Amino acid sequence: MTQSFDFIIIGGGSAGSVLAGRLSEDPNARVLLLEAGGSDRHPYYHLPAGFAKMTKGIGSWGWNTVPQKHMKNKVFRYTQAKVIGGGSSINAQIYTRGNALDYDEWRQAGCDGWGYDDVLPYYRKAEDNETHENRYHGKGGPLGVSEPRAPLPVCDAYFEAAAAVGLQRNFDINGEKQDGACFYQLTQRGARRSSAAMAYVTPNRNRPNLTVRLGAQVRRIVVTAGRATGVEMLDGTRIDADREVLLSSGAVGSPRLLQLSGIGPADDLRALGIEPVYDQPAVGSNLQDHLDLYCISELSGPYSYDRYAKPVFAVLAGLRYLYDRRGPVASSLFETGGFWYADPDARSPDLQLHLGLGTGIEHGVASMPQGGITLNSCYLRPRSRGSVRLQSADPAAAPLIDPNYLQDPIDRQMSIRGLKLTQEILSQSPLRRYILAERLPGPDVKSDSDYFDFICTHSKTSHHCAGTCRMGSDDAAVVDTRLRFNGIDGLRIVDNSIMPTVISSNTNAAAIMIGEKASDMIKADNGMALT
């Protein structure tokens with residue numbers, strides 16, 4: 001028996017959770033949220049330090065990239081969330097928004113309504129910021145944003161070391177100025193993760209007009225006479241959308257489902273035996289991501305959180321957290337960092353740093369037996385462009401994810417400069433009392449060729465993929481500036497895939513902003529009251 005709702009949201013991630021919470025504010029709107037993943041009941045999803053488990057498998061689809069031809073065919077683990085809350089349930093909880101000029105450049109490129117002054121009110125609307133309330137920040141919103149609860153003394157030494165090479169302390173990198181070293185604010189409330197699911201879905205689950213289904217994977221979007229009319233589930237069940245289908249499955253999941261639905265590059269789809277419904281070559285193109293490089297130093301004493309990987313210390317950490325909500329369990333492990341320049345003439349910072357209070361925190365990253373710290377860097381405005389394509393018509397098959405890292409020589413040059421900056425910071429005198437020796441890259445890496453070889457072995461994704469369903473005002477854009485699919489009525493895409501260019505920072509806060517802004521546009525276009 002066919003069911004029907006006004007709005008069907010495909011994907012319960014950062015943006016999809018916002019849509020569910022905001023659209024169901026209208027009691028007359030019947031809203032269905034479909035999430036392929038499961039619940040977020042496991043404690044790892046709520047304890048800040050649970051991030052250390054996330055890139056190693058929990059709550060993920062388990063996908064990898066194709067071999068990267070500009071990096072000696074290195075294959076990257078490409079963590080994509082498969083749980084209610086999406087990336088906001090498994091990330092390091094870093095709350096950054098990018099640079100104001102990122103959004104102004106979107107507007108200058110034809111994305112009217114998406115300049116910095118246009119998006120800032122939606123960042124403020126989402127926030128319940130425990131520290132700031134001013135032009136840049138808001139209080140009382142659904143999303144908890146707070147200061148780190150568990151920094152270590154080595155963080156203060158890092159700030160002194162960073163200042164020695166030019167990065168002065170910045171107490172609000174989401175405010176007037178992005179430059180400098182900082183403690184990042186975190187999507188936490190009361191020393192617990194504040195995911196988009198916890199902020200927008202869980203408090204509203206008792207609304208009679210909101211239906212949430214977990215473990216609900218969509219096989220295809222149904223298009224009838226040029227209009228998205230519903231979805232077909234893996235079991236063949238059909239669900240109709242009386243108003244709109246809202247695709248919110250992320251920069252990999254959204255183009256993947258579009259192509260499985262026959263919407264994408266027609267020749268590629270035919271080659272896989274998929275009958276094209278709408279030929280849109282740009283679906284799955286324009287993939288952008290930040291490549292993460294890292295310098296690891298071994299410490300001369302127990303100055304990081306590495307020792308808490310041992311069972312006895314893990315128990316002590318858990319008791320400390322229960323007592324005062326501090327200590328290792330309260331740490332996201334990457335809450336210190338900053339923004340600086342690889343290109344001194346760049347229009348704004350083009351490097352981001354994350355100081356990891358341990359080693360081996362993420363999948364594939366080396367650990368130090370005696371304990372250490374990890375300083376990551378990523379070049380923020382890559383010129384390389386990749387793609388997301390299908391390898392088969394089977395909805396159970398992993399997609400072909402190709403970030404095409406370092407395809408552009410400038411990306412390679414700037415990435416190496418960023419790695420050298422991390423080495424320079426960690427070699428400064430304020431950190432010498434903590435650091436025994438640099439272990440990676442180490443003293444044998446000297447030439448740019450050596451650095452490139454090192455990067456091809458020791459690097460990872462920053463988990464900041466974007467751009468595969470590009471927004472724009474031109475005919476080639478996948479969605480228009482109200483996020484409506486160009487060529488199919490009743491279909492919108494609401495997630496980071498709509499970014500024309502990836503923002504200059506972590507991307508989770510932006511996904512939540514996109515969900516907030518899209519909710520207002522959807523309400524306005526459907527004659528619903530704005531809140």
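A nonpolar surface patch of about 510 Å² is formed by Val312, Val315, Leu316, Leu319 and Leu322, a patch being built from residues with over 30% relative accessible area and no salt bridge, with nonpolar side chains joined within 5 Å. Val312 belongs to helix α10 (residues 311–324) and is exposed, with a relative accessible area of 55%, where exposed denotes over 50% and buried under 20% (1.4 Å probe, protein chains only). The model is predicted, so that local features need pLDDT of at least 70 and side-chain atom pairs count only at pLDDT 80 or more, whereas totals for chains, interfaces and linings use all residues. Residues are numbered from 1 along each chain as its sequence is written, and side-chain values use heavy atoms, with hydrogens and water left out.

Helix α13 (residues 508–525) comprises 18 residues and spans 26 Å from its first C-alpha to its last, close to the 26 Å expected at 1.5 Å a residue. Because 16 of these 18 residues are buried, α13 is largely enclosed by the rest of the structure. Just after α13, Gly527 adopts a positive phi of about 70°.

Five cavities of 30 Å³ or more were counted, a cavity being a set of points on a 1 Å grid where a 1.4 Å probe fits but cannot get out. The second largest cavity holds about 100 Å³ of space and is lined by 13 residues, among which Asp289, Leu291, Pro382, Tyr405 and Asp411 lie nearest its centre; lining residues have an atom within 4 Å of a point. At least two residues of this lining are supplied by each of β18 (372–379) and α11 (409–426).

Conventions:
Helix = DSSP H or I, 4+ residues; strand = E, 2+ residues; numbered from the N terminus. Expected span 1.5 Å × (residues − 1). Patch = residues over 30% accessible without salt bridge, like charges linked within 9 Å, V, L, I, M, F, W, Y side chains within 5 Å. Areas by Shrake-Rupley, 256 points an atom, 1.4 Å probe, with all protein chains shown as cover. Salt bridge = Lys/Arg side-chain N within 4 Å of Asp/Glu carboxyl O. 1 Å grid on protein atoms, 1.4 Å probe; cavity = no way out; pocket = protein on both sides within 12 Å on 5 of 7 lines; lining within 4 Å. Points joined across faces, edges and corners; volume = space filled by probe spheres on them.
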